[in-house]
Every structure is written in C-alpha cells, then in structure tokens.
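Visitor: I am new to this structure and would like to go through it slowly. Please show it to me, and then I will start asking.

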Amino acid sequence: MEKLNYEVLKKSGYDGYILEDAPEKVLQFGEGNFLRAFADYWFDVSNEKAGWNGKCCLVTPISAGLANFINEQEGLYTLYLRGRENGEKVDYKRVISVVSRCLNPYDNEDFDKMMEVARSKDLEYVVSNTTEAGIVYDPACELNDRPASSFPGKLTQVLYERWKAGQSGLVILSCELIDNNGKELLKCVNSYIDQWKLEDGFKKYVNEECTFCSTLVDRIVPGRIRDPQEVARLEEENGYVDPLTDVGEVFGVWNIEGPAWLEDKLPFKKAGLNCPVVPDVTPYKKRKVRILNGAHTGFVLGAYLGGFDIVRDCMENDTILNFMNKMLYDEIIPTLPLDRKDLTDFAAAVKDRFNNPFVNHELMSISLNSTSKWKARNLPSFLEYFEANGKLPQCLVTSFAAYMAFYSNDIQELGERGLVCKRSKGNEYTVSDDRNVLEFYYAHRNDDAETLAHAVMSNKDFWDCDLTQIEGFEAAAAKALKVIREEGALKAYALCLE
C-alpha cells in the first residue's frame, strides 16, 4: 500500500476538503502531534469555511525532527478527532492539507529557505510550540548562527531578516505551556536585540509593528494510534499508509490575547471556530485550571481508593459524577470571574471530555505530584469559597481528605520509586511526589485520622500557610478521612450529596 500524498489521496477516493496550492501565510515553529491536531486544524478549517486560502510552512525546532516524513507526504496527514460531544460519540476523520512543507533550519539549504519565507509579502503569522523549555534566552546564541540554537534566537533572526526586507510586522501566536507565553517570548527577543546591538528601528518594529500574543491552548492530543490492528484496519479503509496520522479529542479551544482588531484579521471567527480573541487570557487559564484540572485532582484519588482505574469509568458512576458536578457547580464556579454561562458551558463539556470512549486515562497517571496539584488547582477555590461564604465547601473538604487517604492508605514501604500503599481492592500502588512529601507521609504512617490531618494541614512547606487556622477545616477533614478509612471513599463522596 502506498504512502499518503496528493496523488495517492486522489486515487483513494477521499471526498473531503483539500487545498493543494495557496500562499504560505504561517511560519510555524514545531511540527509535533499537538500543533498538527490544534493550530494546523484551525487553519485548515479556515481554508474550507472562511476562504482563508493559506498554507503553514513548518520548521523543526530541533535537527532530528519530522521534516523528511512531512515532505515525503507533501504536507498531508490524517487527523482523527475522537470523543464525545453533547453526550454523543464522535469519531471524525479529516485529511489536513494546510501544511505546505517542513524545513529543518539546521540544514544550510533549509535555513536559507526559512529566511526566504521571512522575507515573503504573504507571511502574516508565526505560531510556536517548542515545549515549556523553548521560550528561554540563551546568551550563547549569535546573530550569524545558522541557526541560533534557541527558539527566541531563531525568531529574532527571522524578524530581523523581514525588517531588512521592508516587510510588514507579524502576529506571533505562542502556544507554549507557560504563563504569559507571548510576553515572555517578546522579552527574549528584546534581549537578543540588545545583545546583538541591532538597530533602534528594528527594536521599534518588533515592539510596535509586530503583535506578540499570549495564548491558552486546550485540547488533549494522544497523538498516535498504538494498536497495530486498528492501524491496519484504518489503512485498509483509507487506501493509504500514513505514519503521520494524528489523534486529538473533539473538544478544543484557543484563547488568544490580543487587540480587538485581531479577531477580524484572524480567519477563525469567520470560520465559526472556538478561537476567541480576548483582552486577557488569565481568567481563561484560571477557568481551565480550576474546572478541568481541579475536577481531575478533586475526585480521582478517592475514586481510585474506591476501586476505579480510568477516568471514563468514573463518569458512569452516579456517586462520583454527582460529587464532581456538585464540586464544580456549587463550590468552584462561583469563585471564578468569568460570565456564568461561559463557565457552566465549559464545565458541561468536562463530562464529555472525561467520558471519552477512545482514551483510557488512568487515575494513577493523574495522581502524580498530587500535593502540589491540590495546592495549585483546588486550594484557591477552597479559600475563595470560604472567604465569600463564611462556611466550608463540603466537596472540597472531602477531596482533601481523599488526598490524605490516598497518601496514607495501608503504607507498605518507602522505596526508590515512591511510597508503596495498598487499597481495599487488594493491589499495591505507588504514590509519586517530591521526596520530602513521601518521607513525611511515611513518618506518619501509623497516625490516626485526627493526628494525620493535623500534621498534614499544619505543614506550611506543603501549603505556604497553616490550614488548621481555617475555622472548622481540620475537624471536618479528619472526620471525612475517618469515613474514607472505615467505610470507603465512595461513602464519603455520597455523604456530600445528602
């Protein structure tokens, strides 16, 4: 069977949207699964729905990238968006044709081609996802490097080439998972401008004519189909081989921080896509962390103790589902600053996302480093609810008790890989966290519920405050912990629903 390209696709009988030729309007640093299932998907749909008529030229951020694979397939790849939407199972296939080619700037010829794109009048956007470590200023980079080793160094080279060619400023859409990603990227570029002693006119161009946008990305991208039998079945159905096949969940949102005019410039609004331009992405990040991530951390530890292993199965259990919903709608959402409908719509999608029939999301994988996760994702909601209402949020109290139970349930030993515990289902499990956290729980392995609750909650190294000072919290958490130990986590969850 032949590998995917335009000729093979035509012979396969594919009847979906395809755009073979268009100007390169996007220079994209990053060619991995995430951007191909996220940003490239949005631009591809914009070609179909909004007549955008553009292509994305990809750049590998490291020398050992996917350039050869992408170019062999003429930029084409198959994307599956899978999950649930409004309770219905979705398995959507689309061949993405928005990618023109992929350049490896560590190859001398491709570096020159990247600079040709930089000088092009067609270029409008730079998109990047170079991992959390990608936005970093490395003073070892020099202007004449081919290329600069850091991503901000490469971007500075590209922008400088464009400025010298007299071309207009670009919109830079940073997708790296750090706070204020666009602002941090601009700081790095300015550092290179100063280090390399570049012209004042160029610095003005970067800071006034280019638009650096911080963005918030939200789509789970498993990336690969790992089952050989399913791969073989899809190849037979499609009529071609595609090693670049990508998989993402159905849900997706791209919050872009930028000026009001940008919403009309970008093709997404016209295409009816969920990519709003907002004045500040901070509330949307808080929404994601508190609702999506907070829901995960809020129920999974107790659910695991209750005998469950993957997230999807939890959504089929009325007690866990209702516990999660009460925590979200009654205790977390009221603390958030966005429009109530926006928040409830986002929360409503959580059940569909967690109930994805194509993803076996293991509770134990979510449990990693739960001390810092509970502190970042759930404690702020707890504190703000208590301050606003003068009473304890019952579900969050029980969630905290489940966290303590998970870290202390029938401790067997402290080994190199973590704290080995045992649940009532009979199997051992390993708690993974910072070593000081694991050593603390091991030292308190024989504590009763009241003693352990006091020790954990008064540990300022964990929480940056003394949680025993919150009126009633210690007693309520100890009581819930005792219920979990004696009657099980699901009983404790059920008590919150009475």
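Visitor: What do the buried residues of H20 pack against?
Guide: The buried residues of helix H20 pack against H18, helix H19 (435-443), H21 and H22, where contact means heavy atoms within 4.5 Å. Helices (H or I, at least four residues) and strands (E, at least two) are DSSP runs, numbered from the N terminus. Please keep in mind that this is a predicted model, in which local features need pLDDT of at least 70 and side-chain atom pairs count only at pLDDT 80 or more, while totals for chains, interfaces and linings use all residues. Residues are numbered from 1 along each chain as its sequence is written, and side-chain values use heavy atoms, with hydrogens and water left out.

Visitor: And which residues of H20 are buried?
Guide: In H20, which spans residues 449-457, the buried ones are Ala 449, Leu 452, Ala 453, Ala 455, Val 456 and Met 457. Buried stands for under 20% relative accessible area, exposed for over 50%, and partly exposed for anything in between (1.4 Å probe, protein chains only).

Visitor: Which residues does Phe 400 touch?
Guide: Leaving out residues up to four places away in sequence, Phe 400 touches Val 456 and Met 457, and also Trp 374, Trp 463, Leu 467, Phe 473 and Ala 477. Phe 400 is also one of the five residues, with Ile 291, Phe 299, Tyr 403 and Tyr 441, that touch the most other members of the largest nonpolar core, which has 81 residues. Such a core is a set of buried Ala, Val, Leu, Ile, Met, Phe, Trp, Tyr and Cys residues joined through side-chain atoms within 4.5 Å.

Visitor: Which helix gives the most to this core?
Guide: That is helix H18, residues 394-408, which contributes 11 residues. There is also a second, separate core of 41 residues, with Ala 67, Val 99, Cys 175 and Ala 271 among them.

Visitor: What about Lys 460, buried or exposed?
Guide: Lys 460, which lies in helix H21, counts as exposed, at 53% relative accessibility. Not counting residues up to four places away in sequence, Lys 460 touches Cys 465 and Asp 466.

Visitor: Changing topic, which residues of helix H5 are buried?
Guide: In H5, residues 108-118, they are Asp 110, Phe 111, Met 114, Met 115, Val 117 and Ala 118. They lie on the same side of H5 because they cover an arc of only 155° around the axis, the arc being that of the directions from the helix axis to the C-beta atoms. What covers them includes strands S1 (24-29), S2 (55-59) and S5 (99-103), as well as helix H6 (151-164).

Visitor: What happens at the start of H5?
Guide: There a side-chain oxygen of Asp 107 reaches to within 3.1 Å of the backbone nitrogen of Glu 109.

Visitor: How many aromatic pairs does the structure hold?
Guide: It holds 34, and one of them is formed by Phe 38 and Trp 42, edge-to-face, at 5.7 Å centre to centre and with 75° between the planes. Rings of Phe, Tyr and Trp (its six-membered ring) pair if their centres lie within 6.5 Å, with planes under 30 degrees apart counted as stacked, over 60 as edge-to-face and the rest as tilted. Both Phe 38 and Trp 42 are buried.

Key. Polar contact = N/O pair within 3.5 Å; in protein donor to acceptor, adjacent residues only side chain to side chain.
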